Amino acid sequence: MNRSFNKSQPLRPLELDAVEVKSKYGAEFRRFSVNRVKPGKFEEFFKLIMHIHRIANMEVMIGYADVHGDLLPINNDENFSKAVSTAHPLLRIFIQRQEEVDYSNFGTNTLTRKKKAVVPLRNDLNRKRPHIRIGMPQDFRPVSSIIDVDILPESHRRVRLYRHGSDKPLGFYIRDGTSVRVTPHGLEKVPGIFISRMVPGGLAESTGLLAVNDEVLEVNGIEVSGKTLDQVTDMMIANSHNLIVTVKPVNQRNNVVRSSRISGSSGQSSDSSGSGSFPAITHSPSTATVSHSYAHDDLDSDEESDIVIESSVSRPSRRSNTSHVHLQTSSATPSPPSPPTRPQSRPPSVISTASFHSQPSLNGTAHNSLSYRLHRDLNLQQPHYHSTSTRESNGSLHKILSSLRTDPRNSLALPPGGVEEDGMVITL
Amino acid sequence: MMKFRFRRQGNDPQREKIKQDLFAFNKTVEHGFPNQPSALAYDPKLQLMAIGTKSGAIKVYGSPGVEFTGLHKDTATVTQMHFLHGQGRILSLLDDNTLHLWEIGQREQCSSLEEVCSFTIPCRTVIESTSATRVTVLLPKLNCDLLAVGTEGGGVHFLELPSLTLLDKSLFQDEIMQSVPDEYKCGKSLGPVESLQEHPQHPDKILIGYSRGLVVLWDLQTRHVDNLFLGKQQLESLVWERSGNSFVSSHSDGGYMVWSVSSSTPCTNEPVSSTITYGPFPCKAVNKILWRTAESGSPLVLFSGGMPRASYGDRHCLTILQDSQHVTLDFTSRVIDFFTVHCTDAHKFDDPSALVVLLEEELVVIDLQTAGWPTIPAPYLAPLHSSAITCSYHISNVPTKLWERVVSAGQQQGSLQTHTNWPICGGKNLAPDPKQQELMLTGHEDGTVRFWDASGVSLRPLYKLSTANIFQTDCDHNDSLTQAGEEEWPPFRKVGCFDPYSDDPRLGIQKICLCKYSGKLVVAGTAGQVIVLYLSDEKSDHMIDVATVDLLQDREGFTWKGHDRLPPKSGSVVFAPGFQPVVLVQCMPPAAVTAVTLHAEWNLIAFGTSHGFGLFDYHRRSPVLARCTLHPNDSLAMEGPLSRVKSLKKSLRQSFRRIRKSRVSGKKRVSSTLCEANAHLAEQDAEVTPVQRRIEPRSADDSLSGVVRCLCFADTFLRDGTHHGPTMWAGTNSGSVYAYALDVPSQEKFSEQSVEALLGKEIQLMHRAPVVSIAVLDGRGNPLPEPYEVSRDLAKAPDMQGSHSVLIASEEQFKVFMLPKVSAKTKFKLTAHEGCRVRKVALVNFSSVASEDYSENGLVCLTNLGDIHVFSIPALRPQVRYDCIRKEDISGIASCVFTKTGQGFYLISPSEYERFSLSARVITEPLCQVEFDRPHDSSETR
C-alpha cells in the first residue's frame with residue numbers, strides 16, 4: 001500500500017510533463033519516466049537504458065512502438081524526442097541485441113499484428129508478395145534518381161538509372177516519332193526519339209520516372225537530335241550500367257516546381273511517390289537526394305575522372321558478380337559460395353553517405369526529416385559495415401570502400417595497382 | 001559533360017597543322033568492273049572507250065592508267081553514248097530522255113570529265129504524246145557539227161553541235177511517206193526510227209532505218225529521198241559497208257540482209273542476199289550487226305543475238321563469221337554492246353584488229369588478227385566478282401622476292417599476260433610508278449583466292465589459287481560444257497570468266513593470312529577448313545596432311561546441325577607452281593572460320609570459329625591448343641549458316657540457272673531538305689506500328705557470344721614485367737579476351753620439342769561488346785613489327801624496355817591495358833559518345849607530307865555509320881573523322897580493308913572496289929592526260 005502510494009505519488013505531479021516508459025529487454029521489464037518537454041539527449045537516454053537493464057559490453061538496438069504500433073528505432077536525438085513526444089500514454093521501449101536485430105520488422109506493423117493489407121495499387125504484383133519487407137537504410141541502394149533539377153528546364157527531367165548488380169532488366173523500348181519544336185520559322189515537326197514500351201517489372205517501369213511516350217532528349221549528356229534510332233539504341237546500351245536519360249515527360253503534371261533549391265528534392269520525392277507503393281524498390285526520398293548530390297558531384301568534376309568515378313563506384317560490386325558468373329561459365333570452377341546480393345547492395349549506400357558529407361549545402365535544416373534520415377543512415381551503417389566487411393572475402397573491395405569512407409573526394413580515383421576499373425581479370 | 005573531350009583537342013594550332021600534314025580523305029579510284037553497265041562508246045581517233053551505267057555514271061578508259069569518271073546529276077540509266085570523234089566530247093542519252101554533253105577538261109596537266117550542257121527534245125504539239133519524242137537513236141556526224149536524233153514517233157531531229165540547239169529542219173514521217181509507194185504504205189506508220197547511219201563517203205547523206213523495215217537514204221542538203229529500200233522484216237540495226245555501195249540490215253527474225261545502193265534504182269524491193277544464220281527454226285532478233293571488210297579476204301560479219309529461240313534462246317551470244325570460219329561466242333552474261341577497233345583513215349579496208357564486247361558482268365576483247373580469234377586479257381576492268389567475293393586481304397610493301405615468285409606462278413598459269421596488243425590505248429598515264437608493290441587478295445565463294453596487283457590505278461590479276469582441288473565435292477570442276485560444245489551446232493565457244501554459280505558454298509573463303517617474308521599462306525573457309533600453303537616454284541605431287549581439331553572440347557549437350565565438313569581427297573594431288581597446300585586443319589564442328597592468324601617464325605597458326613579457337617603447329621603437324629568459347633545457352637551457334645541451303649546438283653543447276661541479282665549500287669544521292677523530311681514524317685505518322693528498339697545491356701548468354709572475332713600473336717610481357725615471350729590473344733563476341741603464354745622452342749629444336757600454351761589472362765570486358773581487334777604496343781606505344789621483320793633487319797626492333805600495352809578494340813570502345821598486369825590505361829568510349837559501333841579497325845602508319853621522316857601511328861576505325869575515325873595511339877585521342885560509306889551500304893562497310901599506310905578499299909558493288917586514302921601523303925589516284933584538237937570550244941559558243 002505504502003509502496004503503491006510511494007510509487008504513484010511521484011507520478012502524479014509529473015502527469016503533465018512526464019512520460020511513462022516501459023522498457024523491455026528480453027523477458028525483463030523496467031519502468032521509469034522521462035520528461036516529455038525536455039527529454040534530453042539520446043546519448044543520456046541510451047546510458048540510462050544500459051544502466052537500468054544492466055547491459056554492458058554489448059551492442060544493442062533501441063526501438064519503440066509508435067502510435068500505429070510500428071517498431072521504430074531510436075538512435076539519435078531526433079527520433080528520441082519524436083518517440084517521447086508522441087508517446088501516448090506510455091512509451092514502450094524494446095531493446096534488442098545488435099546480432100538479433102531483425103531489420104525487416106522495423107517500420108512494419110509487426111507489433112500490433114493487425115495484418116493490415118498494403119494499399120494494393122499494383123494488385124498483381126503485390127499478391128505474390130503478401131508481406132512487405134522494407135530493408136534498413138544501409139540495405140538500400142539507389143536505383144534511380146532525378147538529377148540536375150536546378151539546371152534543366154522545368155519541362156524536362158533527367159533520370160539516372162543504376163543497374164549495378166541488379167538482375168532486373170532495364171526494361172524499356174524506344175521508337176522514332178515526331179516532336180514539335182518552336183523554331184524561328186514557327187512550329188515545326190522534327191524527328192524525335194520516344195519511349196515506346198515499358199517491360200513490366202523492369203527497372204525503368206519500377207522507378208516511375210519514365211513513361212511511355214516520353215521524348216528522349218539526351219543520353220548521358222549527349223543530345224539525340226540528328227541521331228537515328230539505332231544510334232540512340234547503341235548509345236543507351238553502351239551506357240547501360242549508368243544510364244542518364246533526359247526526357248520530356250509526356251505527363252507534365254508531375255514536374256518539379258523549382259521554387260527553392262531544396263523543394264526540388266521534395267518535389268521529386270512526391271514524384272517518385274507513385275512508385276512508393278511498389279515495395280521491391282521502394283525508396284525513401286533520402287535515397288534519391290543522396291544520389292542527387294552524388295551525381296551532381298561527378299557531373300561537376302572533370303570529365304576524365306567522371307568516367308572513373310562511375311566505373312569505380314559500380315565496379316567493385318559488379319566485379320565480384322561478373323567474376324562469379326564468369327568462373328561458372330568459362331572455366332567451370334565451382335562458384336564462390338558467398339551470396340552475391342548483400343555485398344552488392346552495400347557499397348553504393350556507403351558512397352552515398354560519403355558524398356553527402358562532401359555536399360554540406362544539402363545538409364540544411366530546412367528539410368528536417370531528410371537530414372535525420374541521413375543521420376540514421378550514417379549511424380546505422382557504421383557498425384553494420386564492420387560486421388560485413390569482415391565477412392567480405394574481397395580484400396581489395398574492402399580497401400576501396402574504407403578509403404572511400406575516409407576521404408571520398410580523393411579516393412574515388414583508382415588506387416594504384418588496385419583492381420582495374422572496367423572488366424575483371426583472373427590471373428590463373 | 002563528354003563534349004569537352006573534343007573541344008580540348010582542336011585548340012592547339014600547331015597540332016592542327018601536323019594533322020593537316022598527316023590526314024586527308026580522298027576517294028581516289030574505282031577498281032574492277034562497273035556495276036550494271038548499260039552503254040558503250042568508242043572514239044577511234046582518240047582511242048578512248050566509254051562505259052555508261054544504270055546509275056548514271058560514265059567511265060572513260062584509254063591506255064592502262066588513263067581513266068576518267070563522270071556522274072550525271074540524276075540517277076538514270078545511260079542508254080546511249082557517242083564520242084564526238086577526236087574532240088574529247090561525249091554525248092550521252094539517259095532513259096529520262098535527256099541528252100548530255102560531256103567534255104574532257106584539262107586541269108593542271110591532268111584531265112577530267114565534266115558535263116557541259118544538256119537538252120531535252122520539246123514536244124511538237126500538245127496532242128503529241130511524250131513517247132513520240134522519245135529518243136531512240138543518236139547520230140553525231142563525223143565532222144561533229146550536227147547531231148541527228150531519231151525518235152519513237154518516227155521523226156528525225158537535227159541539233160547543232162556542240163551547243164545542242166535544235167535546228168529547224170526536222171524530218172517527219174509524212175515527208176518520207178510521200179516517196180513511199182502506195183502498196184508498201186498500207187496505211188501503217190513506219191514505226192520508230194531504229195537506226196541512223198552516216199554515208200561513209202558522202203557526209204550529207206544519212207541512212208534512216210524504221211522499225212517496220214523501211215530504210216531510206218536521205219540527203220540532208222537537198223532534203224530529198226535518194227533511195228528507198230522496202231524491207232519487210234522488222235528492223236533491228238543497220239551498218240554501212242565501207243565503200244558506201246552496200247549496207248547490211250539486221251532483223252527481228254534472226255536474219256540479216258545485204259542491200260546494194262545505186263543511184264540508178266531509187267527504190268529497191270529486194271536485198272542482194274538474206275541470211276538467217278541459225279535457221280530454219282524461229283530465231284531471236286539480231287540486235288546489232290557489224291560488217292567489216294578485210295584485205296585478206298571476205299568481210300567479217302559480227303552480230304549479237306539471232307540464236308534459235310527454242311534450243312538456245314537463253315544464251316548470250318555473239319557470232320563472228322568470215323568465210324568458213326564461224327565462232328559463236330557464248331557469254332555468261334548479257335551482251336550490252338560491242339564495237340570493233342579498225343582502220344578509219346583513208347585505208348581501203350576496215351581490217352578490224354579487235355572486237356570489244358561489253359557484257360553485263362565483264363569486258364571481253366577478241367583479237368581478230370590472230371588466227372583462232374583468241375581473247376586479249378584486259379589491263380583494267382578486272383572482273384573481281386567472277387565468283388562472289390567473300391573476303392579481302394591487303395598486303396603493303398610486298399618484298400620483291402615474293403612479288404616475282406607470285407608473278408611467275410601467275411604467268412605459268414596464264415592468268416597474267418602482257419598487254420602489248422591492248423587495242424584501246426588513248427591518253428597518257430602521268431601517274432608516277434608506285435613506290436612499293438601492293439598485293440590485294442580476294443577470297444571467293446568458289447574456294448579461290450585471287451591475287452591482284454594493287455600498286456597502281458588499275459587492279460591487275462596476278463595469280464589465282466584454287467582450294468577446291470584438295471576436296472571431294474559434289475561436282476567435278478572440269479566443266480563438261482566446253483567439251484561437249486565441239487560437236488554442237490552452233491559452234492559455241494565459252495568466253496569470259498564470270499561464273500556466278502557456286503559449286504559448293506562450303507568452299508567459300510572466309511579468312512586469309514599471308515606472311516610476305518616466308519611465302520606462307522593460311523586460307524580458311526566456310527566448312528571449318530584451315531589450309532596452310534607454302535609458295536613453291538616447282539610443280540609438286542604430294543599428299544596433304546590432315547588434322548582435325550575438336551573445338552567443342554567434350555562440351556556436353558551440343559549437336560552440330562549445320563553442314564558437313566568437306567571430305568579431303570585421299571591420295572596425292574598434283575599442284576602447279578605457286579601456293580601449294582601442305583596441311584589441312586579441319587575444325588570440328590565444321591562451322592565457318594571467323595578468325596585466322598599466322599606466325600611463320602614460330603610455325604604457328606591460330607584459328608577460331610563460333611565454337612572456340614585452336615592453335616596448331618604446322619611444322620610438327622600437331623595441335624597445340626583447343627579452347628571452347630561456347631556459352632552453355634547458345635543454341636544458334638550450332639546451326640551453320642548454310643544449314644538451310646542445299647547444295648544443288650549440277651543437272652539442276654544447269655536447268656535452273658540461279659542468277660544472282662546484282663545488288664543495286666548505291667549512288668543515289670539523298671537530298672534532305674526540311675520540307676521533304678517533314679513530308680516523310682507526316683507519312684510516318686500514319687503508320688501504325690513504328691519500329692521499336694529494346695534497351696537492354698548485353699548479357700552473357702546472348703546467342704553467338706562465343707564467336708571468336710580476332711586472334712593475334714605477339715612477343716610481349718604476359719607473365720611478368722621482366723620476361724617477354726610469345727603470346728597468343730583471342731577475343732570473342734561477348735567481350736572476352738584470352739591471353740596465352742606460349743612456349744616456342746628455338747629454331748633448331750622445332751622438330752624435337754613441342755610448342756606449349758598456358759592460359760595467362762582472361763579478361764572480361766564489362767560492356768561485353770564483341771572484341772573486334774587486339775594489338776600489342778611496345779614501350780614507345782608503337783605496334784609490334786611483323787614476324788621476320790626484326791630478324792631480317794627490315795624494321796626497327798620494338799622497345800622491350802618500356803612496359804608494353806595491349807590495345808583491345810571492341811564494337812563499343814577502345815582500351816589500352818598495361819602489360820603484364822592488364823591494368824587499364826586509356827580508353828575511348830566511341831558508342832557512348834557518338835552512338836556508332838566499331839566495324840573495322842586497323843593500326844596505320846601515317847607519314848607527313850611536310851616531312852619525309854615524320855610519321856605517326858594511328859588507330860583507324862570504320863563504324864557502322866560508314867564514317868572513319870582516326871585516333872592517336874596509345875593516347876586514343878580522336879584526330880579526324882570522315883564520312884566514307886553510306887550507312888545503308890552494309891556490304892560496303894563489311895568489305896572494307898585498310899592498308900598499313902593509310903589507304904583503304906571497300907566494295908561499292910559486287911564487282912567494284914572503291915579505293916580511298918586517309919593519308920595526306922600516300923595517295924593512288926589516276927593522273928592522266930588526253931590530247932585532242934577541239935575546234936569549237938563550248939566556252940566560245942555559249
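In this predicted model, the side chains of A:E218 and A:R158 meet in a salt bridge with 2.8 Å between N and O, where a salt bridge is a side-chain nitrogen of Lys or Arg within 4 Å of a carboxyl oxygen of Asp or Glu. A:E218 belongs to strand β10 (residues 215-219) of chain A and A:R158 to strand β7 (residues 157-162) of chain A, so the pair ties together parts that are 60 residues apart in sequence. Helices (H or I, at least four residues) and strands (E, at least two) are DSSP runs, numbered from the N terminus.

How to read the names and values:

- Residues are numbered from 1 along each chain as its sequence is written, while chains are lettered from A and ligands numbered from 1 in the order in which they are written.
- Because the model is predicted, local features need pLDDT of at least 70 and side-chain atom pairs count only at pLDDT 80 or more, whereas totals for chains, interfaces and linings use all residues; side-chain values use heavy atoms, with hydrogens and water left out.

Salt bridges:

- A:E218 is buried, with a relative accessible area of 16%, and A:R158 also counts as buried, at 12% relative accessibility; buried means under 20% relative accessible area, exposed over 50%, and partly exposed in between (1.4 Å probe, protein chains only).
- A:D148, A:R158 and A:E218 are linked in a network of salt bridges, and the structure holds 39 salt bridges over all chains.
- In chain B, B:K59 forms a salt bridge with B:E912, and the closest N and O atoms are 3.0 Å apart. Since B:K59 lies in strand β4 (residues 57-61) of chain B and B:E912 in strand β63 of chain B, the pair ties together parts that are 853 residues apart in sequence.
- B:K59 counts as buried at 2% relative accessibility, and B:E912 is buried with a relative accessible area of 2%.
- B:D330 forms a salt bridge with B:R315, the closest N and O atoms being 2.7 Å apart. B:D330 is in strand β26 (residues 325-331) of chain B and B:R315 in the loop between α5 (309-312) and β25 (316-322) of chain B, 15 residues apart.
- B:D330 is buried, with a relative accessible area of 3%, whereas B:R315 is partly exposed, with a relative accessible area of 23%.

Charges over rings:

- B:R315 also lies over the face of B:F492, at 4.5 Å from the ring centre; a charge sits over a ring if NZ of Lys or CZ of Arg is within 6 Å of the ring centre and within 35 degrees of the ring normal.
- In chain A, A:R197 lies over the face of A:Y173, at 4.3 Å from the ring centre.

Aromatic pairs:

- Rings of Phe, Tyr and Trp (its six-membered ring) pair if their centres lie within 6.5 Å, and planes under 30 degrees apart count as stacked, over 60 as edge-to-face and the rest as tilted. By this rule the count comes to 28 aromatic pairs over all chains.
- B:F229 and B:W259 form an edge-to-face pair, 6.0 Å centre to centre with 70 degrees between the planes. The pair links distant parts of the chain, with B:F229 in strand β17 (residues 224-230) of chain B and B:W259 in strand β20 (residues 255-260) of chain B, 30 residues apart, and both residues are buried.
- The rings of B:Y906 and B:F916 have their centres 5.9 Å apart and their planes at 45 degrees, so this pair is tilted.
- B:Y906 is buried with a relative accessible area of 3%, and B:F916 is buried with a relative accessible area of 0%.
- Ring pairs link B:F25, B:Y882, B:F898, B:Y906 and B:F916 into a cluster.

A covered strand in chain B:

- In strand β45 (residues 604-608) of chain B, five of its five residues are buried, with B:L604, B:A606 and B:G608 on one side and B:I605 and B:F607 on the other.
- Strand β44 (residues 595-599) of chain B and β45(B) pair in the antiparallel sense over five bridges, where two strands pair if DSSP finds at least two bridges between them. The bridge partner of B:L598 in β45(B) is B:I605.
- β45(B) also pairs in the antiparallel sense with strand β46 (residues 612-617) of chain B, over five bridges, and a hairpin joins β45(B) to β46(B) through three residues.
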